[in-house]
Amino acid sequence: MRPFKYTSTNSTSDATNLLVKNPNAHFLAGGTNLIDLMKEDVERPDELIDLTRLDLTSVSAITTGLNNGGVTIGAVGKNTDAANHQLIRQNFPLLTKAILAGASAQIRNMATNGGNLLQRTRCSYFYDTAMPCNKRSPGTGCAAKEGINRMHAIFGWSEDCVAVYPSDMAIALSALDANVKVMQADGKIRSIPIQDFHRLPGNHPEKDNNLNRGDLITSIEIPKNKFAAHSAYVKVRDRNSYAFALVSVAAGLELDGNKIVSAHISMGGVAHKPWRALKSEAFLKGKAATTANFKAAAEAEMVDAKTLSHNKFKVDLGKNTIVSALEIALRGTDSKA
Amino acid sequence: MNQNKTQLTEEEIKLFGDLMPEELAAIVHSGLNRRHFMKLVGLASAGLLASHLIGAEQLFARAIDMEIEDLPEVAIENGVTVNFKVNASSKKVLIDSRSTLLDTLRERLGLTGSKKGCDHGQCGACTVIVDGNRVLSCLTLAATCEGKSVITIEGLAKDNELNPMQAAFLKHDGFQCGFCTPGQICSAVALMKEAKDGQASYITQDIRANKSSILLSDDEIAERMSGNICRCGAYPNIVAAINEAQTGKDVEQNWLFAG
């Protein structure tokens, strides 16, 4: 690991000022991804600004304004605490399930909610500094596109990058229409809808998201919804636990009897960002909650998939996972998978 | 670096007197060192140690009181002084900012129980307990531990009494090579608190209900311990050990676990 200066602060403005002052400085939160990337020489900051002592850890109910009935989650709070907060377990169990589907207990005890959104891809070519990678070293090419790309994208990829985004938590936040609150370097606060937070790779795969230099995530806000009792997070992976998704699906069904008022579906493991299944959602709106309709909805989304040499299996897997998630959601959040 | 010194109890002196009479004087005066340890391993492989196993295990489970040797400041480019507690004893140590908690424990504090398996957060061998929560010491910068309290495998036994989880791992053979064992045990000890606090896992049913203490099924133990990889595949034994420590009752191993 290259040498770096370590600074810890309990002031958000000090943190952003320090970051802006040094173009090679990097924020440090849980460190579960960043420290690993520094050991691999993928990330090379010469200064780390430790955010974990900022007073941004609480989970609390929103009781006023547009998001009344929702919840706000501190950016520096730990994943474990967010997943197990009674308010989230009761009203946003989809988020609890998704967080608990990711990583291991040890890592969830370290990882922060803001940091989770900023996880970098686990594409093995991104990690291997001997290989070309446009995300790590812009302009060098994409080794994965013609390489071993079993884990890679089937939606929204470009000639420059076929990597997928690894977070489980963010897939649920996408289905929950969360907003990411950010303090800018000038001290102003702005709110970014989760669908606009992450990017597709396009010609700039080095940019994972739409944050600007000096932006500091302060909290994540989730609006109230009517599908807490009918939601599911289904993650399919190479082993039963502690592995990244081949495909995952976060689903919530707002029901009126057996009629679907609205469906909320987002997919992980298929794109450079949480992939909101808008075509499935549009198909299901107003229809009966039946397996036949779930299958047709899955078909509507997956018909646009563009596979690479090793990941054609993700099309059928994606369809089946959407159907499974919707069936669990229909039976009820706490029903058996 | 100072030599590791270990105060032996009378029972332990007797144990070593029985097993390694010609080494006894050196052990009593200078503490247990690697040469003695290798000899013990040799005795164990000859089966001579079996009846004394528990006594020897207790000795190895004890913290070794080693003085921290300061690095010369000139050798450190970005020095950070960290004050923290390790196994209830206060430590102050000047480190390079790059030092992980794992390397600091092993290389500076002489606590080599926590193991470096993958060093990338994928195996769990380095698991320690920080402020009551299990974490990976290989991905934790020691600099971030200012004011925190760290428990390692060396801090679990009380005097000569093993932690119930350590005793259960011994009883159920929760290991073969033993390399992942310190991480497994630290992880399992913290898991007991998580279950008591009613924390959910990915496979927990009824997560919307009010949180209450959970009695973990074998499936729950497997899911919640998935961050600790055992290359020898001692999983059925590990699950049985954790189940026994959890209930305090004798547990039979479930051989159908993997199916």
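In this predicted model, helices H6(B) and H9(B) pack with their axes 8 Å apart, at an angle of about 140 degrees. The two helices are therefore oblique to each other. H6(B) passes H9(B) in a right-handed crossing. On the H6(B) side, the contact uses B:Pro164, B:Met165, B:Ala168, B:Phe169 and B:Lys171. H9(B) answers with B:Ala241, B:Glu244 and B:Ala245. By class, 6 of these residues are nonpolar, none is polar and 2 are charged.

H6(B), residues 164-171, also meets H7(B), residues 181-196. Their axes come within 9 Å and cross at roughly 130 degrees. That makes H6(B) oblique to H7(B). This crossing is right-handed. H6(B) contributes B:Met165, B:Gln166 and B:Phe169, while H7(B) contributes B:Thr181, B:Ile185, B:Ala188 and B:Val189. The contact of H6(B) with H7(B) counts 5 nonpolar, 2 polar and no charged residues.

The two pairs, side by side:

| Helix pair | Axis distance | Crossing angle |
|---|---|---|
| H6(B) and H9(B) | 8 Å | about 140 degrees |
| H6(B) and H7(B) | within 9 Å | roughly 130 degrees |

H9(B) covers residues 235-247, and B:Lys249 sits in the segment after this helix. Is B:Lys249 buried or exposed? B:Lys249 has 7 other C-beta atoms within 10 Å, so this residue is exposed. B:Leu24 lies 225 residues from B:Lys249 in sequence. In space, the two are 39 Å apart, C-alpha to C-alpha.

Next, the contact between the chains. Chain B gives 35 residues and chain A gives 32. On the chain B side, strand E4 (133-136), H7 and helix H8 (218-224) each supply at least two residues. E4(B) gives the most, with 4 residues. By class, the side of chain B that touches chain A has 9 nonpolar, 16 polar and 10 charged residues.

Then the core. In soluble globular proteins, nonpolar side chains tend to be buried together. The largest nonpolar core here has 158 residues. Within this core, A:Ala98, A:Ala172 and A:Ala251 have the most contacts. Strand E10 of chain A, residues 245-256, supplies the largest share, 7 residues.

What does A:Ala251 touch, not counting residues up to four places away in sequence? Its partners are A:Ala175, A:Ser231, A:Ala232, A:His264, A:Ile265, A:Ala325, A:Leu326 and A:Ala329.

Notes:
Residues are numbered from 1 along each chain as its sequence is written. Chains are lettered from A and ligands numbered from 1 in the order in which they are written. This is a predicted model: local features need pLDDT of at least 70, side-chain atom pairs count only at pLDDT 80 or more; totals for chains, interfaces and linings use all residues. Axes are lines fitted to C-alpha atoms, for helices over the stretch in contact, and angles run from 0 to 180 degrees between N-to-C directions. Angles under 35 degrees count as roughly parallel, over 145 as roughly antiparallel, 65 to 115 as roughly perpendicular and the rest as oblique. A crossing is left-handed if the near helix is turned anticlockwise from the far one by less than a right angle, and right-handed if clockwise. Two residues are in contact if their C-beta atoms, placed from the backbone, lie within 7 Å. Ala, Val, Leu, Ile, Met, Phe, Trp, Tyr, Cys and Pro count as nonpolar, Asp, Glu, Lys and Arg as charged, and the others, Gly among them, as polar. A nonpolar core is a set of buried Ala, Val, Leu, Ile, Met, Phe, Trp, Tyr and Cys residues joined through C-beta atoms within 7 Å. A residue is buried if 20 or more other C-beta atoms lie within 10 Å of its own, exposed if 12 or fewer, and partly exposed in between; C-beta atoms are placed from the backbone.
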